[in-house]
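Hi,

Here is the structure I said I'd send over. Have a look at it first, and then read on for what turned up.

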Amino acid sequence: MFESLQAAKADAILGLIAEHRNDPRDNKIDLGVGVYRTPEGHTPVLDVVKKAEQILVDTQVSKTYIGTAGAADFNASMQALIFGDEAPHDRLTTIQAPGGSGSLRVAASLILRAAPDTTVWASEPTWANHIPLLGGAGLRLKSYPYYDTDRHVIRIDEMLSALRKAPAGDIVLLHACCHNPSGLDPSEDEWAAITDVVVERGLVPFIDMAYQGFAKDLEADAFAVRHMVARVPEMIVSSSCSKNFGLYRDRVGTLSLLSADEENRGIVDSQVNNVVRTIYSVPPDHGAAVVSLILNNDALRSAWLLELAEMRDRIQSMRSLLADKLSEKAPDHDFSHLRRAAGMFCFLGISAEQVAELKKDYGVYMVDSSRINVAGITEDNVSYLAEAIAATLPA
Ligand SMILES: Cc1ncc(COP(=O)(O)O)c(C=O)c1O
């Protein structure tokens, strides 16, 4: 049977990680992989996570299955974190999911049950895994314009006009904050305009929130979710704790579904739990139990907020440091768009040939689109990096 298979296409990022690992140069720089890193190049276990894990080890009395929806205390705390106090919680269902990716996949299956002929509109560009993840589940996908690669701004007018043409009932996939890959998020006014179109056209917002707390703060980063939840009858929100709690491999996230009324909420709740049963039966518990301990203990929560702010501040300062160094080393080129980005990612705005040259001649690794993860920058490597980039630019 397996003889009929062809090798799957290699994952570009995984290939890049391997190439970087095998590069013997001491001054090599990895701007490809999508995880937070300290100046020492580590993706650490947060101190607060270690503390919560210790409590868990000391107090956990069973590892029997949790239900399909996961732990109720985790779900309630996450719902409050994402939607705030004002949301119509009586119309919301939140379930624990195996990371943001698991959440997206469950959402895809639920959408297919509810509206098999619908189309999901994703930003052009979007996170590389959105398309295979949602498309692989069987959803039909189309794209709306988002990033202007020449001017490095959001193509807001074109985005709105594309959405105005989408048929009622179609789904619009949006990034709550730290748009991956561009780093450019709509302003509050732009979110209001997007919401107007969503409401006018009867579209269903599907918000992917993988970076809450990585752009401005927990509240501001939830603006789009909270603005829309107050105005639309139905909505889908996937969240991930991979980045903001550093729990990547523990697979922690949620899927939240807003129903038009309380009665329908019960039906949606039963269907989404049924979907879970047919995919992975029950979600992993360890990371979610850690998050729940942190969110429900004042001291742990305050400690988490400090560590989250530390990650966010480092990312922001490295991005602006690179922008400073580039204006010094390449004064004839405009990299000011780096300062407008939020989160770990942004496009450098150079060609695939220049990306290849950076890798070959300078040991600087990034994906072909020139999306960089600024968490790979340090005070020690930023001058070398800016000089290398400057050397590849046309005179
Ligand atoms: C936009 C976006 N959504 C979802 C995810 C999925 O995160 P997780 O690791 O929790 O599956 C990522 C991870 O990089 C992401 O960038």
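The lining of the largest cavity has five nonpolar residues, four polar ones and no charged ones. Met78, Leu81, Met209, Ala210, Tyr211, Gln212, Ser239, Ser240 and Asn244 are the residues that line this cavity. Helix 3 (72-83) and strand 9 (235-240) are the elements that each give two or more residues to that lining. The space inside the largest cavity comes to about 40 Å³. Do keep in mind that this is a predicted model.

How many cavities of 30 Å³ or more does the structure hold? There are two.

Now for a helix pair. Helix 13 (residues 352-362) packs against helix 14 (residues 382-392) at an angle of about 125°, and their axes are 10 Å apart. The angle lies between 115 and 145 degrees, so helix 13 counts as oblique to helix 14. The crossing of helix 13 past helix 14 is right-handed.

On the helix 13 side, Gln354, Glu357, Leu358 and Tyr362 make the contact, while helix 14 brings in Tyr384, Ala388, Ile389, Ala391 and Thr392. By class, the contact between helix 13 and helix 14 has six nonpolar residues, two polar and one charged.

Cheers

Technical notes:
Residues numbered from 1 in each chain as written. Predicted model: local features only at pLDDT ≥ 70, side-chain atom pairs only at ≥ 80, totals over all residues. Heavy atoms only, no water. Axes fitted to C-alpha atoms, helices over the stretch in contact; angles between N-to-C directions. Helix = DSSP H or I, 4+ residues; strand = E, 2+ residues; numbered from the N terminus. Parallel < 35°, antiparallel > 145°, perpendicular 65-115°, else oblique. Left-handed = near helix turned anticlockwise from the far one by under 90°. Contact = heavy atoms within 4.5 Å. Nonpolar A, V, L, I, M, F, W, Y, C, P; charged D, E, K, R; others polar. 1 Å grid on protein atoms, 1.4 Å probe; cavity = no way out; pocket = protein on both sides within 12 Å on 5 of 7 lines; lining within 4 Å. Points joined across faces, edges and corners; volume = space filled by probe spheres on them.
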